Amino acid sequence: MFSHIMIGSNDIERSKRFYDAVLGVLGASEPFRNQNATGQTRLFYRHDGGSFCISEPINGESATFANGGTIGFKCASAEQVKQFHDTAVAHGGASIEDPPGLRESALGAMHLAYVRDPDGNKLCALFRPR
């Protein structure tokens, strides 16, 4: 459904260190680094047919996170959900909401973990058992 997701960062090198570690848990490799025509640095992580991108804001304003927004990353196991969470926290992220684990909901059972990245973006690691 999605071609890519792009978020803003106020410190592109801090974001790179954080996302290299966290997305590495999911199997993503080093990002493609690009500088656009107006001078902003952008990082493009490509994995499993999708792209996750980080950019210095093009309008020159500070990057902010979306109130109510969440970026969900699909995991291959409950253990990978926990590893995603723990890696995020170890690299400057903050654990939020309930601890990582199995939750029952109207959409069925899911292993979930929620963190905020160093810029405040809300991330979710999700695994649906079969």
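These notebook entries record what I looked up about a pocket and some salt bridges in this structure.

**Entry 1: the model.** I noted at the outset that I am working with a predicted model.

**Entry 2: the largest pocket.** I began with empty space, since rolling a probe the size of a water molecule over the atoms shows where such space is left. The largest pocket holds about 620 Å³ of space. I found 22 residues lining this pocket, and those closest to its centre are His47, Gly50, Gly72, Phe73 and Lys74.

I then asked which strands each supply at least two residues of the lining. They are strand E1 (4-8), strand E3 (41-47), strand E4 (50-55) and strand E5 (71-74), and E5 gives the most, with 4 residues. Sorting the lining by residue type, I wrote down 11 nonpolar, 8 polar and 3 charged residues.

**Entry 3: salt bridges.** I turned next to charged pairs, because side chains of opposite charge can pair when their charged atoms come close. Searching the whole structure gave 7 salt bridges, and I followed some of them one by one.

**Entry 4: a pair in helix H1.** The side chains of Asp20 and Lys16 meet in a salt bridge, at 2.5 Å from N to O. Both residues belong to helix H1 (residues 12-25), where they are 4 residues apart, about one turn of the helix.

**Entry 5: a pair in helix H2.** Lys82 forms a salt bridge with Asp86, and their closest N and O atoms are 2.8 Å apart. About one helical turn separates Lys82 and Asp86, because they are 4 residues apart in helix H2 (residues 78-90). I recorded Lys82 as partly exposed, with a relative accessible area of 40%, and Asp86 as partly exposed too, at 33% relative accessibility.

**Entry 6: a pair between strands.** The side chains of Lys122 and Glu97 meet in a salt bridge of 2.6 Å, N to O. This pair links distant parts of the chain, for Lys122 lies in strand E8 (residues 122-127) and Glu97 in strand E6 (residues 94-105), 25 residues apart. Lys122 is buried, with a relative accessible area of 19%, while Glu97 counts as exposed at 54% relative accessibility.

Definitions and conventions: Residues numbered from 1 in each chain as written. Predicted model: local features only at pLDDT ≥ 70, side-chain atom pairs only at ≥ 80, totals over all residues. Heavy atoms only, no water. 1 Å grid on protein atoms, 1.4 Å probe; cavity = no way out; pocket = protein on both sides within 12 Å on 5 of 7 lines; lining within 4 Å. Points joined across faces, edges and corners; volume = space filled by probe spheres on them. Nonpolar A, V, L, I, M, F, W, Y, C, P; charged D, E, K, R; others polar. Salt bridge = Lys/Arg side-chain N within 4 Å of Asp/Glu carboxyl O. Buried < 20%, exposed > 50% of the residue type's maximum accessible area, 1.4 Å probe, protein only.
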